[in-house]
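Dear colleague,

Please find below the structure that I am handing over to you. My notes on what was found in it follow directly after.

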Amino acid sequence: MTKFIIRAALHDEANEGWIWTEGFQSRSLVEISNRDNGRSVICQTRKLDNNFLKVYNAENACRRKIKLNQDTIVISSWYRDALGGFDTTDEDDVTGRVVLDVCQRRSLRPWWQMRAASHHPDIVVRLGVRLGGIGIWLGLLSIWLGLLSVVAPGGCAKLITGVSGPVVLLLTGALLIAACWPPRTSPVSSHA
């Protein structure tokens, strides 16, 4: 766990499914957890580098500046609200720091990709992953129903028609619902 300096995402990137920070390969999937309230989000990370800093710290920009190697996260209000609704850090880079745990997620990659898509700020992405989950479940249901219609009673038909077929379908449905569950967001946001 690290006490991070929090900076607001650029206006153009407020609806993107990533954060900017150091220490991870660009486009890695990470889970950000707020241990104070138990909330977490899954998203991609982009590498905070000099090219990004040139844009973010531009002279005509009315933003608090970022320096490398200071445990900084550039994060949109969507993800801040999902993590508990905190504001950005003050200019002194001390007041308003937030303790977060950021862990890369490598194993079970399809699971984490579905979780990241269901936590995405864009409603179209969230809808797409939910419709995809429904499509997977309906496909499995149709395979099961098709097997029921062609398998003769007895033998392996007991495996399909007995308890195991419906149990597998219910467990798969529960797993897909869990994968597509959105983050809980704070009711009111007073920050950018």
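Thr-72 is found in strand β5, which covers residues 72–75; helices (H or I, at least four residues) and strands (E, at least two) are DSSP runs numbered from the N terminus. The model is a predicted one, in which local features need pLDDT of at least 70 and side-chain atom pairs count only at pLDDT 80 or more, while totals for chains, interfaces and linings use all residues. Residues are numbered from 1 along each chain as its sequence is written, and side-chain values use heavy atoms, with hydrogens and water left out.

With a relative accessibility of 3%, Thr-72 counts as buried (under 20% relative accessible area, with exposed over 50% and partly exposed in between; 1.4 Å probe, protein chains only). Apart from neighbours within four places in sequence, Thr-72 is in contact with Phe-4, Ile-5, Arg-7, Trp-20, Thr-21, Glu-22, Leu-48, Ile-66 and Lys-67, where contact means heavy atoms within 4.5 Å.

As to the chain overall, 6 helices and 6 strands make up its secondary structure, in the order β-β-β-β-α-β-α-β-α-α-α-α from the N terminus. Of its 192 residues, 40% count as buried.

Helix α3 (residues 109–118) has Trp-112, Met-114, Arg-115, Ala-116, Ala-117 and Ser-118 buried. These buried residues pack against β3 (28–34), β4 (39–47), α4 and α6.

The axes of α4 and α6 come within 10 Å and cross at roughly 175 degrees; axes are lines fitted to C-alpha atoms, for helices over the stretch in contact, and angles run from 0 to 180 degrees between N-to-C directions. The two helices α4 and α6 are therefore roughly antiparallel (over 145 degrees; under 35 is roughly parallel, 65 to 115 roughly perpendicular and the rest oblique). Gly-133, Ile-136, Trp-137, Leu-140, Leu-141 and Trp-144 of α4 meet Gly-165, Pro-166, Leu-169, Thr-172, Gly-173 and Leu-176 of α6. By class, this contact has 8 nonpolar, 4 polar and no charged residues (Ala, Val, Leu, Ile, Met, Phe, Trp, Tyr, Cys and Pro are nonpolar, Asp, Glu, Lys and Arg charged, and the others, Gly among them, polar).

Finally, the lining of the second largest pocket includes Arg-130, Trp-137, Gly-173 and Trp-181. A pocket is an open set of points on a 1 Å grid over the protein atoms alone, where a 1.4 Å probe fits, with protein on both sides within 12 Å along at least five of seven lines; lining residues have an atom within 4 Å of a point. The largest share of this lining, 4 residues, comes from α4.

Yours sincerely
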